[in-house]
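Try each task on your own before you read its solution.

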Amino acid sequence: MPIIRSEPAPSLDRIESARHKDIDRDTHTDIAFDWVAGLNATGREREDALRRLHALMVRAAGHQVWRLRGLLADDSPGTIEDIVNLVADDAMTALLGKLDTFEGRSRFTTWAFKFAIYQAGNEVRRRQWQHRQVELRDVATPADPSPGPEHHAEAGDLAVELSRAMHAALTPHQRRIAVALLVDEVPIDVLAERLATTRGALYKTLHDVRSRLRAHLVASGHLDSQGGIA
Amino acid sequence: MSGPAARLTSQAVQALLLDTEPWLSCEDCFHLLDQHVEAVLDPDARPDPAFVAHLAGCPACAEEAAALAALIARPPEG
């Protein structure tokens, strides 16, 4: 729904400048605040803690959405504000569900910020790709049979050897995930959403892909034991 | 969800052959993100090799670490 304004919207630079002044003013009091006690309290003490926590989430979400605004087709102040508020609400819900896992190994504010930064990145990348189709492509099969390492220096084309290795050492699923993430540069959380899986599961697939390819190319003599080009 | 077969760019070759050992999952990276980012900003702290390797191989987690570091490193203004 479009936002109707009676006055011209402030420029993004002015919004960012004002936001930074608010951040600097609040930072020291937020670090000193006993967040766990406040959020586990009842009544007005808890309400105050929740209000302050939401402000913390808005601050971190604003920071990350601002950093990633170049990915958005619409980076108008109204849209950015909508995203920040949506992300802050989602991040606050996620944080409160994990509150009992806070172990005090960092400042509470740093721990809290990461929830909003994570949600903000996901939301911006989701919007960036919302009208784009994700294709799961295989790797092209090199036409020529694989030469030995003695021919590799002459050919000078590690990409060809790597393509062969991908067909020899990887499953079709592994190849398609690797191509989507590393050739087509589909963001990992966008791909996870489209495939109804998780960022962690896709990263594990990618980690296995890398390990298999390096081992295959070391065994074939195209990489040395340290992973450098032989 | 399929298309013409892909040819590997030099950038993709580098990314595919990246050594991301020691292993660290995205879930563990997120769990440890706050303390590792605070440690990274401490000049006396030693970076965790698994954390560093994970950020090298996972652009999304690396972006989040950079954003968090930038947020908490902002010097107060007078």
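Predicted model: local features only at pLDDT ≥ 70, side-chain atom pairs only at ≥ 80, totals over all residues.

**Exercise 1.** Find the residues that E123(A) is in contact with, leaving aside its neighbours within four places in sequence.

*Solution.* Step 1: apply the cut-off, since contact means heavy atoms within 4.5 Å. Step 2: with the neighbours within four places set aside, E123(A) is in contact with I83(A), L86(A) and V87(A).

Residues are numbered from 1 along each chain as its sequence is written, chains are lettered from A and ligands numbered from 1 in the order in which they are written, and side-chain values use heavy atoms, with hydrogens and water left out.

**Exercise 2.** Decide whether E123(A) is buried or exposed.

*Solution.* Step 1: recall the classes: buried is under 20% relative accessible area, exposed over 50%, and partly exposed in between (1.4 Å probe, protein chains only). Step 2: E123(A) has a relative accessible area of 11%, so this residue is buried.

**Exercise 3.** Describe the secondary structure of chain A.

*Solution.* Step 1: count the elements, which gives 10 helices and zero strands. Step 2: look at the contacts between residues at least 6 apart in sequence; in chain A, 67% of them join residues at least 24 apart.

**Exercise 4.** Work out what lines the largest pocket.

*Solution.* Step 1: a pocket, on a 1 Å grid over the protein atoms alone, is an open set of points where a 1.4 Å probe fits, with protein on both sides within 12 Å along at least five of seven lines; lining residues have an atom within 4 Å of a point. Step 2: the largest pocket has a volume of about 630 Å³, a volume being the space filled by probe spheres set on the points, which are joined across faces, edges and corners. Step 3: 24 residues line this pocket, and the closest to its centre are Y118(A), Q119(A), N122(A), R199(A) and F30(B). Step 4: the largest share of the lining, eight residues, comes from α5(A).

Note on methods
Helix = DSSP H or I, 4+ residues; strand = E, 2+ residues; numbered from the N terminus.
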